[in-house]
Amino acid sequence: MSDAPLAAILGCAGLRPTREECALFADVRPLGFILFGRNVDSPSQVADLVGELRASAGRPDAMVLIDQEGGRVRRLGPPHWRAAPPQGVFGALYDRDPALGREAVRLNTRLLAQDLLALGIDVDCLPLADVRHPDGHDIIGDRSYGSAPEVVADLGRVCVDALLESGVLPVIKHLPGHGRALADSHKHLPVVPASRADLEAVDFSPFRALKDVVMGMTAHVVYSAIDPDRAATLSPIVVKEIIRTHIGFDGLLVTDDLSMKALNGDFTARARQSLEAGCDVVLHCNGDWDEMRAVVAGCRPLDAAGLDRVARARAVQQGPAPFDAAAAAARLEDLLAP
């Protein structure tokens, strides 16, 4: 068996991994895990779960991811954790005063990261570099920093830097841009008919500005001007020509959740096709036992390019830098006051 981890990030069904889940994780040794609300009860429980997952895979350095954006998308919330606002709030502040918008993003991100570090979680699926479009589905909405590509890029950079200062790895999403989608990819496959020129000028632009980010997540979106037959996650054309070449992203490329209904076909094929398209790692989130085993069957160990990208990500994972959380929370409250 290869010593490389399986090119997969997996979930588990509950507050603790079951005996069957632990046996599977020990057998396949995934690159990492992802947590959702169903996995969260209390700080001590989450910290124990993180430790159990890493132990089950035999990897003390296994990545543990979470979607902790704030607003609608948060897995940690009251009463144990702060109710962070959606990222769009910071874009609105930036529109009034760019310096204050940047400051607020930095403070908020450091506070988010501090919560994660206390639990042993070392990867946050943030920031979104998706540009909000007026006709786009609300699945992005106020999760985006705004409708101006340069603002999205600027605040995305602040967020990335603040996560790295905190010792947490960022995951930029959703490559190469989800903002124009007219459907929720959790439920349907969005098809974006915009021209390549329009996509390059607006949607792809923030990702180009942030191409050096060490991890990224794909979009389950069809861009009909580029590949009318396949969602980006499954498209060698989108991955190689757009994400890797036009955008220039050379970080670890992770699929969005393979259990989302934007994709069809059996889960083994979804995993295999994602890797064949050029993704480094597949992501399966919902903890469904049968789906997860099928995903694993379609995976392979992380290849040499993927291992190099993981090593580069780990190399920039510093910190955490000194941080006064109480002062940051007070200042952030002032900045966001009506």
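1. Just after helix 9, Gly-278 takes a positive phi of about 120°. Helices here are DSSP runs of H or I with at least four residues, strands are runs of E with at least two, and both are numbered from the N terminus. Before going on, please keep in mind that this is a predicted model, where local features need pLDDT of at least 70, side-chain atom pairs count only at pLDDT 80 or more, and totals for chains, interfaces and linings use all residues. Residues are numbered from 1 along each chain as its sequence is written, and side-chain values use heavy atoms, with hydrogens and water left out.

2. Let us stay with helix 9. Why is helix 9 largely enclosed by the rest of the structure? Eight of the 11 residues in this helix (residues 267-277) are buried, so the rest of the structure largely encloses it. "Buried" means under 20% relative accessible area, "exposed" over 50%, and "partly exposed" in between, with a 1.4 Å probe and protein chains only. Among the buried residues are Phe-267, Arg-270 and Leu-275. The buried residues pack against strand 1 (6-10), helix 8 (236-246), strand 10 (252-257), strand 11 (281-284) and helix 10 (289-297); contact means heavy atoms within 4.5 Å.

3. Now find Thr-268, which lies in helix 9. Thr-268 is buried, with a relative accessible area of 18%. Leaving aside residues up to four places away in sequence, Thr-268 touches Ala-294, Ala-297 and Gly-298. At the start of the helix, a side-chain oxygen of Asp-266 comes to within 3.0 Å of the backbone nitrogen of Thr-268.

4. Next, the sheet. In what order do the nine strands of the open sheet stand? The order is 5-4-3-2-1-11-10-8-6, and the pairing is parallel. Two strands pair if DSSP finds at least two bridges between them. Strand 5 (169-170) and strand 6 (172-175) are at the edges with a single partner strand each, so one side of each has no neighbour in the sheet.

5. Look closely at strand 2 (residues 30-35), which is joined to strand 1 by three bridges and to strand 3 by four. Ile-9 stands opposite Gly-32 in strand 2, while Phe-33 stands opposite Val-64 in strand 3. In a regular strand the side chains alternate between the two faces of the sheet. Strand 3 is covered on both faces: Met-63 and Leu-65 on one side, and Val-64 and Ile-66 on the other, are all buried.

6. Helix 1 (residues 19-28) and helix 10 pack at an angle of about 5°, with their axes 12 Å apart. Axes are lines fitted to C-alpha atoms, for helices over the stretch in contact, and angles run from 0 to 180 degrees between N-to-C directions. These two helices are therefore roughly parallel to each other. The residues making the contact include Leu-24 and Phe-25 of helix 1 and Trp-289 and Met-292 of helix 10.

7. Finally, the largest nonpolar core has 107 residues, and those with the most contacts inside it are Leu-35, Ile-121 and Met-215. Helix 4 (residues 98-119) gives the most to this core, with eight residues. A nonpolar core is a set of buried Ala, Val, Leu, Ile, Met, Phe, Trp, Tyr and Cys residues joined through side-chain atoms within 4.5 Å. Not counting residues up to four places away in sequence, Ile-121 touches several residues, among them Leu-35, Val-64 and Ile-66.

Key:
Polar contact = N/O pair within 3.5 Å; in protein donor to acceptor, adjacent residues only side chain to side chain. Parallel < 35°, antiparallel > 145°, perpendicular 65-115°, else oblique.
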